[in-house]
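Here is a short report on one chain.

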Amino acid sequence: MNMGREDERIAETEALFRDVNEQIAETAERFEVSSADFYCECADVACHDRVEVPLEDYEEVRSESTHFIVSPGHENQRVERVLAQRGRYAVVDKVHSAVAAIVTRLDPRTDQA
């Protein structure tokens, strides 16, 4: 199922929240704290949920370009599946090929070449 522009919007929104969370993680590391409040990385541009995530867990999630942190219940089953439920947040993987390709392309950690 290819929804074109809707898929792009979903991927771009989630990648934007991921970029904000990257800045939060960098700041937390500078202050040598063990966890931080990250924004939910769901596709809802109006979502402002914050979830506390240990930095070690955040780094584990960020090791895969298609993995994101969302508030429980914020997953979009059309484009992702839940990999793990960890208390106040869930880890999801993009399974929709178009969305996965876009979030991978927009991942600041893979754009280091």
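E32 sits in the loop between α1 (5–30) and β1 (35–39). The model is predicted. In it, phi of E32 is near 55°, a positive value in a residue other than glycine. E32 is exposed, at 72% relative accessibility.

**Helix α2**

Which residues of α2 are buried? In this helix, residues 55–62, they are L55, D57, Y58, V61 and R62. Seen down the axis of α2, the buried residues fall within an arc of 155°, so they line one face of the helix. An α-helix has 3.6 residues a turn, so residues three or four places apart point the same way.

What do the buried residues of α2 pack against? Their partners are α1, β1, β2 (50–54), β3 (67–70), β4 (80–86) and β5 (89–94).

**Cysteines**

How many disulfides does the model hold? The count is zero. A disulfide is a covalent bond between the sulfur atoms of two cysteines. The cut-off used here is a pair of cysteine sulfur atoms within 2.5 Å.

| Cysteine | Nearest cysteine sulfur | Distance |
|---|---|---|
| C42 | C40 | 3.6 Å |
| C47 | C42 | 3.8 Å |

Conventions:
Residues numbered from 1 in each chain as written. Predicted model: local features only at pLDDT ≥ 70, side-chain atom pairs only at ≥ 80, totals over all residues. Heavy atoms only, no water. Helix = DSSP H or I, 4+ residues; strand = E, 2+ residues; numbered from the N terminus. Buried < 20%, exposed > 50% of the residue type's maximum accessible area, 1.4 Å probe, protein only. Arc of directions from axis to C-beta. Contact = heavy atoms within 4.5 Å.
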